[in-house]
Amino acid sequence: EPHAARTLSPRDVAFLRDMVTRSSLEPNASAKIFDAVAQTYCTKLGIENPPMVGSTEVVRELYLYAREFATVSAAGSASGPASESASFAG
């Protein structure tokens with residue numbers, strides 16, 4: 001749902017960006033952290049059945065969605081690309 005992205009703050013976008021670009025984590029720790037982040041943000045956005053892909057991919061898609069929404073929101077528009085990217089959510 002496009003309106004669900006309104007629950008994301010610029011801080012959320014920055015956090016998701018940091019997660020996507022982080023490469024210094026030990027693999028087992030990374031998997032646990034990405035699982036937790038994916039679950040947390042899917043819950044926050046109301047995504048009950050996330051896509052059947054790895055949590056790293058889910059976090060990446062959540063970041064892209066959040067970044068796109070933030071760009072549209074900053075431009076003062078509630079429609080456009082953000083609503084198109086919401087197809088990931090369901």
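1. Which residue's side chain does a polar contact of 2.5 Å join to that of S55? The partner is D35, whose side chain meets that of S55 at this distance, a polar contact being a pair of N or O atoms within 3.5 Å, where within protein one must be able to donate a hydrogen and the other to accept it, and where residues adjacent in sequence count only if both atoms are side-chain atoms.

2. Some conventions come before the rest. The model is predicted, so that local features need pLDDT of at least 70 and side-chain atom pairs count only at pLDDT 80 or more, while totals for chains, interfaces and linings use all residues. Residues are numbered from 1 along each chain as its sequence is written, and side-chain values use heavy atoms, with hydrogens and water left out.

3. On confidence, pLDDT is the predictor's confidence in each residue, from 0 to 100. The chain has a mean pLDDT of 76, and 71% of its residues reach 70 or more. Helix α1 has the highest confidence, at a mean of 92, and helix α4 (residues 81-85) the lowest, at 40. The pLDDT is below 50 over residues 77-90, although this stretch has 22 contacts in the model beyond near neighbours in sequence, a contact meaning heavy atoms within 4.5 Å.

4. As for the overall layout, the chain contains four helices and zero strands, and its pattern along the sequence reads α-α-α-α. Helices (H or I, at least four residues) and strands (E, at least two) are DSSP runs, numbered from the N terminus. Of the 90 residues in the chain, 31% are buried, where buried means under 20% relative accessible area, exposed over 50%, and partly exposed in between, with a 1.4 Å probe and protein chains only. Among contacts with a separation of 6 or more, 59% are between residues 24 or more positions apart.

5. The largest nonpolar core holds 19 residues, of which L16, V37, Y41, L45, V59 and L62 touch the most other members. Such a core is a set of buried Ala, Val, Leu, Ile, Met, Phe, Trp, Tyr and Cys residues joined through side-chain atoms within 4.5 Å. At least two residues of this core come from each of α1 (10-21), α2 (27-45) and α3 (55-74), and α3 gives the largest share, with seven residues.

6. Helix α1 has twelve residues and spans 17 Å from its first C-alpha to its last, close to the expected 16 Å, which is 1.5 Å times one less than its number of residues. D12, V13, L16 and M19 are buried in α1; these buried residues line one face of the helix, because they fall within an arc of 125 degrees when seen down its axis, the arc being that of the directions from the helix axis to the C-beta atoms. The face turned away from this buried side carries the exposed residues P10, R11 and T21. Leaving aside neighbours within four places in sequence, L16 contacts V37, Y41, V59, L62, Y63 and A66.

7. Helix α2 has 19 residues and reaches 27 Å between its first and last C-alpha atoms, close to the 27 Å expected. Its buried residues are S30, F34, V37, A38, Y41, C42 and L45, and they lie on the same side of α2 because they cover an arc of only 125 degrees around the axis. N28, K32 and T43 are exposed on the face turned away from that side.

8. At the start of α2, a side-chain oxygen of E26 comes to within 3.2 Å of the backbone nitrogen of N28. L45, in the same helix α2, has a relative accessible area of 9%, and its C-alpha atom is separated by 8.3 Å from that of L8, 37 residues apart along the chain. G46, which follows α2, has a positive phi near 75 degrees.

9. To return to S55, this residue is found in helix α3 and counts as buried because its relative accessibility is 15%. Not counting residues up to four places away in sequence, S55 touches A31, F34, D35 and A38.
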